[in-house]
Structures are given as structure tokens and as C-alpha cells.
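My entries follow in the order in which I looked.

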Amino acid sequence: MFPADRPVDLADQIQLAELFPGGGTVFPPALDAAAELLDAEFNATGRGRADIVIITDGAAELHPTWIASWKQRRHRLGFRVFAVTVGDWADDPADLDAICDDVRRIEDLHDTHATADLFRTI
């Protein structure tokens, strides 16, 4: 995660881009960490607007209790969540739909219409 108010070292960007832990996405730890950063900023400055972008294959299995608490955090802090599923292997994104404001499915990043739409949205 790279908060917008801090510079990011190129080596850290490359390390993130090259990370492949072997498959299987577990969303709650990363999303909880992002929400904690936003909560700390909200408590320090009163600002509550932000965006979180998830780039994924679309596979998400989330517990209903976690989804409910996530929705409460989003409402309290006023942040938006976007998801981009890449590839044609995306599973049923029902859980992503439940936790995001907008889920975009892209099968081919070379499709200029799809990518242009994506960047207009986010």
C-alpha cells in the first residue's frame, strides 16, 4: 500500500509488482490495513474521503460478518472502493460486488475502450 501523501521508492514499487505469493487472494488483511490508515487520517485531520483500488483475478470469499463490518467502516469514513478483475478466469464476483462501489471486469488490457473506461471511472 502506498498512501498518497508519501513518496514511494521505485524499489518498493518494483517489489510490489513482482510479488506473487503462489495464488489465492485473502482480501480482509489488506483491506483492513488500508481502512486503518484511513481511520488514522480521519482521527488526525477529520478528512474521510479516499479511494481504495483492488486489482485481482476476482476470486473472493468473504465472511458475511466481515462484509457487514467493512460496510460500516466505509460508511463512517466515507471512502470508495473500486475493483478491477483482470483476465477471463474471474470467479463469481458476488463478494467483490458486496464490498465495492464499482467492479470492472477486463479480459484484455490491450482493449483501449475497456482501459479508457476504467481510467475514466477510477
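**Helix packing**

Helices here are DSSP runs of H or I with at least four residues, and strands are runs of E with at least two, numbered from the N terminus. H2 (residues 27–45) and H3 pack at about 25°, with axes 11 Å apart, the axes being lines fitted to C-alpha atoms, for helices over the stretch in contact, and angles running from 0 to 180 degrees between N-to-C directions. The two helices are therefore roughly parallel (under 35 degrees).

I noted that the contact (heavy atoms within 4.5 Å) includes Leu 31, Ala 35 and Phe 42 of H2 and Trp 66, Trp 70 and Arg 73 of H3.

**Sheet**

I then found an open sheet of three strands, ordered E1-E2-E3 with parallel pairing, where pairing requires at least two DSSP bridges between two strands. E1 (51–56) and E3 (102–106) are at the edges with a single partner strand each, so one side of each lacks a neighbour in the sheet. Six bridges join E1 to E2 (residues 80–86), and Thr 56 stands opposite Thr 85 in E2.

**Confidence and conventions**

I read a mean pLDDT (the predictor's confidence per residue, from 0 to 100) of 80 for the protein chain, with 84% of the residues scoring at least 70. Residues are numbered from 1 along each chain as its sequence is written, and side-chain values use heavy atoms, leaving out hydrogens and water. In this predicted model local features need pLDDT of at least 70 and side-chain atom pairs count only at 80 or more, while totals for chains, interfaces and linings use all residues.

Terms used: Angles under 35 degrees count as roughly parallel, over 145 as roughly antiparallel, 65 to 115 as roughly perpendicular and the rest as oblique.
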